[in-house]
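Thanks for coming. Please have a look at it first.

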Amino acid sequence: MIYQGSCHCGRVAYEVEGDIQGALACNCSMCLRKGSLLWFVPRAQFRLRTPEDAAATYTFNKHVIKHRFCPDCGIHPYAEGTDSKGNATAAINLRCIDGLDLAAIPVREFNGRDS
């Protein structure tokens with residue numbers, strides 16, 4: 001299935017293909033404050049519908065995850081990084097996907113605070 005998503009104002013928009021089996025709720029200092037529910041997909045399944053430079057980037061701690069956000073409305077629709085095998089990955093904030101029933105998606109808690 002192909003999903004459409006964006007920040008609140010639409011300056012940062014994307015589509016992502018895959019089957020959402022579940023979400024991850026992380027309690028690291030960044031995710032806890034954002035309240036995002038994450039779905040990880042290979043970066044090749046993620047396509048921006050807006051220019052790359054429409055999103056700003058924030059990194060912290062080990063600086064390995066690029067937290068992408070809209071500089072206008074402040075929403076964090078996705079992040080980019082690599083998985084444990086070095087493959088490019090996109091972390092999709094499911095709260096930014098259009099028309100998704102979040103209550104139907106199982107959520108797994110992840111202790112990012114102590115990682």
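Reading from the N terminus, the elements run β-β-β-α-β-β-β-β-β-β-β. That gives 1 helix and 10 strands in the protein. Keep in mind that this is a predicted model.

Now the overall dimensions. The C-alpha atoms fill a box of roughly 35 × 30 × 30 Å along the principal axes. A compact globule with 115 residues would have a radius of gyration near 13 Å, and the protein agrees with that, because its own value is 13 Å.

On to packing. Of the 115 residues, 41% are buried. If we take the contacts with a separation of 6 or more, 56% of them come from residues 24 or more positions apart.

Next, the surface. The accessible area is about 6,800 Å², and carbon and sulfur atoms account for 51% of it.

Last, the cysteines. How many disulfides does a search of the whole structure find? It finds 0. Cysteine 7 is buried, with a relative accessible area of 3%.

For cysteine 96, the closest cysteine sulfur is that of cysteine 7, at 7.7 Å, so that pair is too far for a bond as well. Cysteine 96 is buried too, with a relative accessible area of 8%.

Conventions. Residues numbered from 1 in each chain as written. Predicted model: local features only at pLDDT ≥ 70, side-chain atom pairs only at ≥ 80, totals over all residues. Heavy atoms only, no water. Helix = DSSP H or I, 4+ residues; strand = E, 2+ residues; numbered from the N terminus. Rg over C-alpha atoms; globule rule 2.2 N^0.38 Å. Buried < 20%, exposed > 50% of the residue type's maximum accessible area, 1.4 Å probe, protein only. Contact = heavy atoms within 4.5 Å. Areas by Shrake-Rupley, 256 points an atom, 1.4 Å probe, with all protein chains shown as cover. Disulfide = S-S within 2.5 Å.
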